[in-house]
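Please open the model in your viewer and keep the sequence beside it.

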Amino acid sequence: MQNLPGVEKATTVMRFQFQPSPDPSPALGNHASIGVTEVVFYHFPSDLTNKEGIMGSIDKMRPVLARSEALACFDGWAMEHTTNDAGEKGQIYANVLGWVDVDAHMRFQESDDFKQNIHHLMDIQELQLLEMHHVKLHAV
C-alpha cells in the first residue's frame with residue numbers, strides 16, 4: 001500500500017492527555033472483536049485558531065467511517081501543546097479507531113468511499129503532519 005500524501009514517519013514519542021469523545025471504552029479493550037487499533041495524530045501549529053473549521057472538515061469523514069468496518073471510534077484535542085522533533089510546539093488532534101484486523105482498515109483505505117472523501121482531511125490548510133499507527137491496546 002502507498003502512503004497517503006502528507007503522511008510521514010515520525011520518530012518522536014509523544015505523551016499528552018486528551019478528552020476523547022464519545023466514551024472510549026469499546027476501543028480500549030472492552031470490545032472483543034477489535035484486533036487492532038488505528039491511532040492517528042493530526043499535527044497543527046501552536047497558534048492555531050481555526051479549530052471550528054478543522055472540526056467541520058473532520059466531521060465530514062464521520063459518515064464515511066460509519067459506513068466502514070470500523071468497530072469503534074473516538075477522538076479529541078490534546079489538552080496541552082506538544083513538541084515535535086525540531087523542538088517546535090504544536091497542537092495535536094488524536095483519532096482512535098478499532099478494527100477487526102489491519103486488513104479491514106486496508107480495505108477501507110482502498111474503498112471508493114475513502115478515496116472520494118479523504119481530501120476533507122488532506123486539504124486542511126493548517127495540517128502540518130498526519131501520523132498513523134496500528135497498535136494493540138491493552139487494559140492496564
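**First stop: helix 1**

Begin by selecting helix 1, residues 51-59, whose buried residues are I54, S57 and I58; here buried means under 20% relative accessible area, exposed means over 50%, and partly exposed is in between, with a 1.4 Å probe and protein chains only. These three cover an arc of only 100° around the axis, so they lie on the same side of helix 1, the arc being that of the directions from the helix axis to the C-beta atoms. The helices (H or I, at least four residues) and strands (E, at least two) are DSSP runs, numbered from the N terminus.

Before moving on, note that this is a predicted model, in which local features need pLDDT of at least 70 and side-chain atom pairs count only at pLDDT 80 or more, while totals for chains, interfaces and linings use all residues. Residues are numbered from 1 along each chain as its sequence is written, and side-chain values use heavy atoms, with hydrogens and water left out.

Now show what surrounds the helix: the buried residues of helix 1 pack against strand 1, helix 2 (62-66), strand 2 (72-77), strand 4 (89-99) and helix 5 (119-122), where contact means heavy atoms within 4.5 Å.

**Second stop: the nonpolar cores**

Which residues of the largest nonpolar core touch the most other members? Select Y42, F44 and I54, which hold that place among its 22 residues; a nonpolar core is a set of buried Ala, Val, Leu, Ile, Met, Phe, Trp, Tyr and Cys residues joined through side-chain atoms within 4.5 Å. Strand 1, helix 1, helix 2, strand 4 and helix 3 (102-110) each supply at least two residues of this core, and strand 1 gives the most, with four residues. A second, separate core of seven residues includes F74, I92, A94 and V96. In soluble globular proteins, nonpolar side chains tend to be buried together.

Stay with Y42 and display its partners: leaving out residues up to four places away in sequence, Y42 touches Q91, I92, Y93, N95, L121, L127, L129 and L130.

Next select E38, which is in strand 1 (residues 36-45). E38 is buried yet has no salt bridge, and R62, the nearest side chain of opposite charge, is 12 Å away. For charge, Lys and Arg count as positive and Asp and Glu as negative, while His and the chain ends are not counted; a salt bridge is a side-chain nitrogen of Lys or Arg within 4 Å of a carboxyl oxygen of Asp or Glu.

Finally select helix 3, whose buried residues are A104, H105, M106, F108 and Q109. Zoom in on F108, which is buried with a relative accessible area of 8% and which touches V64, L65, S68, W99 and F114, not counting residues up to four places away in sequence. F108 and E69 are 39 residues apart in sequence, and 7.3 Å apart in space, C-alpha to C-alpha.
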